[in-house]
2 protein chains.
Amino acid sequence: MLDAMATADRILDAAERFVQTRGFNGFSYADIASELDVTKASLHYHFATKGDLGRALIVRYREVFVRLLSEIDDETKRATEKLARYVALYRAVLSDDRMCLCGMVAAEYATLPKAMQEEIRRFFSVNEEWLTSVIAGGVRAGDLDLRGGAALDAARLLIGALEGAMLVARTYKSVDRFDAAARRLLEDLAPAKRRRRAS
Amino acid sequence: MLDAMATADRILDAAERFVQTRGFNGFSYADIASELDVTKASLHYHFATKGDLGRALIVRYREVFVRLLSEIDDETKRATEKLARYVALYRAVLSDDRMCLCGMVAAEYATLPKAMQEEIRRFFSVNEEWLTSVIAGGVRAGDLDLRGGAALDAARLLIGALEGAMLVARTYKSVDRFDAAARRLLEDLAPAKRRRRAS
DNA sequence: GTCTATAGGTGGATAGAC
DNA sequence: GTCTATCCACCTATAGAC
């Protein structure tokens, strides 16, 4: 049972990397089997269908992400710090030559089973809610300025822009491109008093 | 010869829609053959390999895009108008339930032949150059304000953010989400004097 | 839980008739 | 240019031994 958990996790780890680099339609059970030195049949014991595996991947990815957002909440107070930490989560993924798992499968959305589609939306919704709350708090504290816009819209822009920045930056193998985009995004949320350049 | 051209274009049209909705790894020659009521062998006469087809798709998409950018240059003068028209190009694609072709294949980048990868980057580079020029012009004319940032960085953010906004909006079947993101992006480029809300 | 073996289907691609 | 027919590699998935 303990071993079963461990094996399932090793499968998820390998599959996750494949999805984040090649897409859900860009790898096969054979690819995972080859990497883990097990047979395809063995994988089917843990995840009966590829759709089951895909769903498990997204659920786990979201749960880990939620935990990281909690850590940010525990360890930081100012909205500007929280946002910087949030951006750093994306950056770490890109630095590992990966795309966000959910951004990747969002591209393949139309080809995926409904169970996967629902989990993908849940990932974005969870991010949206957290960011909206952080941004609204930052505005109240005077650390952020929405200039008339809604916190929800700012949150949605941030998610989409970070996903898109990763998407394009990956084709240039350039984390710098991501960094430049993230810097501008955060600066655009800074209050007007006196804008400072992020290092 | 004229018929050959027409057939090749019909193939490209069908394939383009498949790539923009399902991804390059999400459709097959059989899908196109079925839609056009021809055989797979016939498709291979026009595009020997799927990689050839993919490359032709990206090249055509970019050429059409460049032509549209020229039209914008011909028909508008102010940078704000040009940017609004630019955003409208993306919006039209999303309204047709499609993802940007190059944003889609950017996700699958690692699985694609080099010839396709090069053309994808060229698409982004062309967009970057045009946008950088438009933004720099807008700043000189006082229609835009970069608040200390570089026009190139603003251009890159805009491309990535629009691609990402499409990517996420598609999973919610919501053009509104794209519109809200685009509005914020354009507002963030507006001069500080007095910010007005885009309708 | 993992294996061998295989089913049943689809992938891209080719040969050769018309 | 389009067809029929076919190749072979690969896909997801299952049956049944160990």
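1. A residue counts as buried under 20% relative accessible area, as exposed over 50%, and as partly exposed in between. Arg91(B), with a relative accessible area of 33%, is therefore partly exposed. The structure discussed in this note is a predicted model.

2. Arg91(B) has a salt-bridge partner in Asp179(B), with the closest N and O atoms 2.7 Å apart. Since Arg91(B) belongs to helix α5 of chain B and Asp179(B) to helix α9 (residues 175-187) of chain B, the pair ties together parts that are 88 residues apart in sequence.

3. A further salt bridge within chain B joins the side chains of Arg98(B) and Glu16(B), at 3.8 Å from N to O. Arg98(B) is in the loop between α5 (79-95) and α6 (101-107) of chain B and Glu16(B) is in helix α1 (residues 2-22) of chain B, so this pair ties together parts that are 82 residues apart in sequence. Both partners count as buried: Arg98(B) has 15% relative accessibility, and Glu16(B) has a relative accessible area of 14%.

4. In chain A, Arg62(A) and Glu119(A) form a salt bridge through their side chains, 2.6 Å from N to O. Arg62(A) is placed in helix α4 (residues 50-75) of chain A and Glu119(A) in helix α7 of chain A, so the pair ties together parts that are 57 residues apart in sequence. Arg62(A) is buried, at a relative accessible area of 10%, and Glu119(A) is buried as well, at 4%. Over all chains, the count of salt bridges comes to 30.

5. Not counting residues up to four places away in sequence, Arg17(A) touches Asp96(A) and Arg98(A). The C-alpha atoms of Arg17(A) and Ile32(A) are 9.9 Å apart in space, the two residues being 15 apart in sequence.

6. The contact between the chains takes 44 residues from chain A and 43 residues from chain B. The area buried between chain A and chain B is about 3900 Å², with 58% given by carbon and sulfur atoms. Four salt bridges are counted between chain A and chain B; one of them pairs Arg177(B) with Glu128(A), whose closest N and O atoms are 2.5 Å apart. On the side of chain A that touches chain B, two or more residues come from each of α1 (2-22), α6 (101-107), α7 (114-140), α8 (151-171) and α9 (175-187) of chain A. The largest share, 13 residues, is that of α8(A). By class, this side of chain A has 20 nonpolar, 11 polar and 13 charged residues.

7. The same surface serves both copies, as 98% of the contact residues of chain A recur in chain B.

Note on methods
Residues numbered from 1 in each chain as written. Chains lettered and ligands numbered in written order. Predicted model: local features only at pLDDT ≥ 70, side-chain atom pairs only at ≥ 80, totals over all residues. Heavy atoms only, no water. Contact = heavy atoms within 4.5 Å. Buried area = accessible area lost by both parts, 1.4 Å probe. Helix = DSSP H or I, 4+ residues; strand = E, 2+ residues; numbered from the N terminus. Nonpolar A, V, L, I, M, F, W, Y, C, P; charged D, E, K, R; others polar. Buried < 20%, exposed > 50% of the residue type's maximum accessible area, 1.4 Å probe, protein only.
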